[in-house]
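Trainee: Could you walk me through reading a strand and its neighbours?
Mentor: Gladly. Let's look together.

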Amino acid sequence: TPVAGSTPATMIDLSWTASAGATDYKLNRCSGSGCTPIAFAATTSGLTTFGDTSLTPSTEYCYQVIATNAGGDSSPSGTQCLTTLAPPRPSPPLPSW
């Protein structure tokens, strides 16, 4: 199942549907429509959520989930791409009277 999540400026919170029989999940961060892996994001030890941190604002990140169990790894999920938000704008200075 593709991942989904929320996207603050420097973090993407991911979640996905549990896979029957899975004991762990591996997440790949990838690029392009074919989701060529560019970084191993995490192994979640059975959890179906993960927060990918220290990301660049206003940047697209794509992910795939691979369920694992004693029999090995599943095929990668579909690719889900999310874009981090732009950094907050600083407040304008207050006028000095």
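This is a predicted model: local features need pLDDT of at least 70, side-chain atom pairs count only at pLDDT 80 or more; totals for chains, interfaces and linings use all residues.

Trainee: How many of the ten residues of strand 6 are buried?
Mentor: As a general idea, side chains in a regular strand alternate between the two faces of the sheet. Here, strand 6, covering residues 60–69, has eight of its ten residues buried, and is thus mostly covered.

Trainee: In which sense do strand 3 and strand 6 pair?
Mentor: They pair in the antiparallel sense, with seven bridges between strand 6 and strand 3 (residues 24–31).

Trainee: How many bridges join strand 6 to strand 8?
Mentor: Four, and strand 8 (residues 80–83) runs antiparallel to strand 6. Look for Tyr 61, which has Leu 82 of strand 8 as its bridge partner.

Trainee: What do strand 6 and strand 7 form?
Mentor: A hairpin, with two residues between the strands. Strand 7 spans residues 72–73, and its antiparallel pairing with strand 6 has two bridges. One of the bridge pairs is Asn 69 with Gly 72.

Trainee: Which cysteines form a disulfide?
Mentor: Cys 62 and Cys 81, with sulfur atoms 2.0 Å apart. Their link is right-handed, at 105° about the S-S bond. Because Cys 62 sits in strand 6 and Cys 81 in strand 8, the pair ties together parts 19 residues apart in sequence. A search of the whole structure finds one disulfide.

Trainee: Is Cys 62 buried or exposed?
Mentor: Buried, because its relative accessibility is 3%, under the 20% cut-off. Cys 81, at 30% relative accessible area, is partly exposed.

Methods: Residues are numbered from 1 along each chain as its sequence is written. Side-chain values use heavy atoms; hydrogens and water are left out. Buried means under 20% relative accessible area, exposed over 50%, partly exposed in between (1.4 Å probe, protein chains only). Two strands pair if DSSP finds at least two bridges between them. A disulfide is a pair of cysteine sulfur atoms within 2.5 Å.
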